Amino acid sequence: MRIPSILLCAMIVIMLGGCAGSGPSTSADDAAGETTYDNATLENMREGTYNDAWESSYEPLPARPTVIQDATVMTAAGETIREGDVLLRDRTIDSVGTDVPVPEGARVIDGSGKYVTPGIIDSHSHLGVSATPEVGPHYDNNEEGMATPGLWMEHGVWPQGPGFARALAGGTTTALLLPGSGDVIEGRGFTAKLVPGRSPQDMKFPDAPPTLKMACGENPKGGSSYPTTRMGIAEGFRSTFIEAQKYRKQWDAWLEAPTGDPPERNLGMETLAEVLRGNMLVQVHCYRADDMTTMLEIAQEFDFEIRSFHHAVEAYKIRDRLAEEEVSASMWSDWWGFKMEAFDGIPENVALMHDAGARAIVHSDDDLEIQRLNQEAAKALRAGREAGVDITRNEALRWITAHPAWALGIQDRVGTLEEGKNADVVLWSSDPFSIYTKAQRVWVDGALVYDRNDPDYQPRSDFELGSPSTQN
Amino acid sequence: MVSLRRFLPVLVLLLVGLLCCRPAAHAQPTAIVGGTVHPVSEPPIEDGVVILEDDTIAAVGPRAEVSMPEGARRIDADGTVVTPGLIDAATSTGLIEVSAVASTRDQALDTDDAVRAAFRVTDGINPNSVVIPVTRLGGVTTVASIPTGGGISGQGAVIDLHGPTLQEMLVRDRAAMYAHFTPEAAEAAGEARGGLALRLREAFEDAQFYAENEDAYQEGATRSLSVSRLDLEALASVLAGDRPLVVRAARASDIDAALRIAEEFDVSLRILGGEEAWMRAERLADAEVPVIVKALDNLPAEFDRLGTRFDNATQLSEAGVPVILSTLDTHNARNLRLEAGHAVRHGMDWDAALRAVTEAPARALGVHDTHGSLEPGKTANVVVWSGDPFELMTSARHVFIGGTRVEDDSRQKRLMRRYRDQEEQPQAYDDGTGQ
């Protein structure tokens, strides 16, 4: 079911007594001279935004009703419709089926011989974070320090990163941009629509739940300062969360009876308190099976949930546990061997996770692979089938659509072609699991944002003006 | 008159000798029967047959025209595609086990010196590297393992990915000399491209001088030269045409510099990487310089490659440049076929793409006599694919290297089987062989 953002806002108001959209709420003195706070302000304070700063300023491009006709429609919701039609209207998937009536004035696109899928979603990208060209001044992944939960990815995203337009041309419409992974806690992630913008907020996925990036294993212990062992990493997490528990307790008590000055503010603790309250989707970079189980124990100790393990090259070793605990794994199709903790990577990792009933995701973590996640899913599908795992094409498509949508907490709005969802749609020249196939057209919220055959619909970064590079 | 009876015991002995004491090289022949055979050197053959005897290809042709050797092991290849084993021209296979672990890396000489021409990778190649079985199961039967680092990095080797020792694997030692005309290489020569060019020219000039005055040099009767005796010898061998110079260069102007230097010293040149080579397609075609390209790249990843394009290989190929497709990778060199598929996706002719991962690298690395095509007498490196080898859903069904069918086995396969087949016993008791 699609929830329009205005309705969502209303629901939040009812449930939580506030809405981030209600505007800055300054405190006012009441008759007794005590400072009081309205619910919207309290909600903002709890979330760590305090007012409407950092709100999404994303505006969908102009759109008109569009019908794609007679295509093979892979909905990622279970069925594949031969000679199917998809109607995009009012920013949403209006209808999916055969012989869908064409509304007056609608643009009709012949999809015969072509395929339609939902826009692809990448649960792990550094586009605009360590943007190409990968020169030192473009590196915005990590700060020095053991844990830096006060960092927000959206403060380090360069919207002119040349990779964004290329990812869109590969059919990827949404990505979680992440800091890291040099510290145990790196900061908040940034869920972006891969549309051109002048500010990060222009690309900010409206009302996407906040995410937090954490990391374990070789990267956070790889520096010269503490931690330099896996033990140090675990201690770092636990000490930091003990502090966060105190902070949350203090703040929750005040939020319960918000009179007088609030407790002192701490950006990092603010974020971790939201993790402890269950309001933040935790994304953990982990390779080895034992690193992941350590993280599961820490999550249990401090009573929070991990939404997705990222990279998870040994997820196959503990897939039963990941299935049982409903933790997804965001994986490459076949990367291995580049570091010690990737030595046991196998191409059947994704398929074996799927086979155990766990939520498998194919992610990129790479400015090239984000342009061809469909191919990476196909590689994982082939490896799985070669190993005797029974996998449908629909399921393999879900590895790069519905499942990453879930990891990002936007599964009710994107990730499948179901009526009422955002009209993020890709028209492919042929079977998306063929290497020869290209994304021909891409729509985001019903608006055409990329057309391979029309240079007017091919975005390009400022950086590339006048350079020899012309993407293709 | 020679009596048969008199010679009978000898004949018997000979026969017995042939039957029981045949040297291992005389193995059972293999007949790959059916499927579309792409010899590369010739047009494709529908319903073809490839006969492998010992370590070489004995026959290739249509089913009706090839006679089956007696006792041949028959591989039913109906509906498949049969190609030469793929060749990746730029890997560090056998030289790098775990990229981030320095003690497992042997591809670069760690020195500040820009010229490391005498450095050879060969003695550092580990035939037991776990990367090797993983790579060959992807249909890659042969690779160039190449050195990196500095301005002139050293000499690489071409190896087949099968054999108990390097001796059995080695196709051509010191197959090429590798150099870098990149910003990283310039760092070792004063952080300027001009400084790098200076060092390269000086080294080649001195090598020329050395070749012409070797006796005087040995007697210490010459001026001092810029590099060591071993470097001079190595560079002189390039000047003598014993091996080509492969220059890693991305920017169009860096490719120009490599072309200039190669012309000045009359050395046989190949460009490696060549991200902006499409801008110099005609010039490279005129100079007949092969270019080793990674097709799966369109990012302006560095300032020396802002013009990186997916259709680089296509443009070069159409201009008549000998194009070689490579992963420029080690652990995922197994995906070489996808480089070819990707090039086709962006306009390259299918047959040209197949040539770019077989015959073209074999020629560029000087191993064309034995590798790169399915021709009688060549090394029996053959892959039987379930379909179009460039497609994502296609599998390599049979991989032959030197006539031996490689087992469906690797450390990765063992990990997979150990954890796929959940038994009552802990995984540690399962050896992953599936037995």
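Two strands are taken to pair if DSSP finds at least two bridges between them; helices (H or I, at least four residues) and strands (E, at least two) are DSSP runs, numbered from the N terminus. The model described here is predicted: local features need pLDDT of at least 70, side-chain atom pairs count only at pLDDT 80 or more, and totals for chains, interfaces and linings use all residues. Residues are numbered from 1 along each chain as its sequence is written, while chains are lettered from A and ligands numbered from 1 in the order in which they are written.

On these criteria, four strands of chain B form an open sheet of mixed pairing, in the order E4-E3-E1-E5. Strand E4 (56-62) and strand E5 (73-76) of chain B are its edge strands, each pairing on one side only. From one strand to the next, the twist averages 15 degrees, where axes are lines fitted to C-alpha atoms, for helices over the stretch in contact, and angles run from 0 to 180 degrees between N-to-C directions. Strand E1 (residues 30-33) of chain B pairs with E5(B) in the parallel sense over four bridges, and B:Thr30 has B:Arg73 of E5(B) as its bridge partner.

Further pairings involve strand E6 of chain B. Strand E2 (residues 36-37) of chain B is parallel to E6(B), with two bridges between them; B:Val82 in E6(B) is the bridge partner of B:Val37. E6(B) and E15(B) run antiparallel and are joined by four bridges, with B:Val384 in E15(B) as the bridge partner of B:Val82.

The domain assignment of chain B gives domain 1 (21-84 + 373-402) and domain 2 (86-371), the bounds coming from an automatic or database domain assignment. The C-alpha centres of domain 1 and domain 2 of chain B lie 30 Å apart. In the interface between them, 18 residues of domain 1 of chain B are in contact with 22 residues of domain 2 of chain B, a contact requiring that the C-beta atoms of two residues, placed from the backbone, lie within 7 Å. Strand E6 (81-84), strand E15 (382-385) and strand E16 (396-401) of chain B each supply at least two residues of the domain 1 side, and E16(B) gives the most, with three residues. By class, this side of domain 1 has nine nonpolar, seven polar and two charged residues; Ala, Val, Leu, Ile, Met, Phe, Trp, Tyr, Cys and Pro count as nonpolar, Asp, Glu, Lys and Arg as charged, and the others, Gly among them, as polar.

A second open sheet of chain B is formed by eight strands in the order E7-E8-E9-E10-E11-E12-E13-E14, again with mixed pairing. Strand E7 (86-91) and strand E14 (323-325) of chain B stand at the edges with a single partner strand each, so one side of each is left without a neighbour in the sheet. The twist of this sheet averages 25 degrees from one strand to the next. Strand E10 (residues 170-180) and strand E11 (residues 245-249) of chain B pair in the parallel sense over four bridges, and B:His180 has B:Arg248 of E11(B) as its bridge partner.

Among the helices of chain B, the axes of helix H5 (residues 193-212) and helix H7 (residues 229-239) come within 8 Å and cross at roughly 90 degrees. H5(B) and H7(B) are therefore roughly perpendicular to each other, a class that covers angles of 65 to 115 degrees, with those under 35 degrees counting as roughly parallel, over 145 as roughly antiparallel and the rest as oblique. The contact includes B:Phe204 and B:Tyr210 of H5(B), together with B:Leu232 and B:Leu235 of H7(B). Its residues divide into nine nonpolar, one polar and two charged.

In helix H10 (residues 312-319) of chain B, B:Asn312, B:Ala313, B:Thr314, B:Leu316 and B:Ser317 are buried; a residue is buried if 20 or more other C-beta atoms lie within 10 Å of its own, exposed if 12 or fewer, and partly exposed in between, with C-beta atoms placed from the backbone. The elements covering these buried residues include helix H9 (281-286) and strand E13 (291-293) of chain B. B:Gly320, which follows H10(B), has a positive phi, near 95 degrees.

Between the two chains, 39 residues of chain A are in contact with 39 residues of chain B. The largest share of the chain A side, five residues, comes from H10(A).
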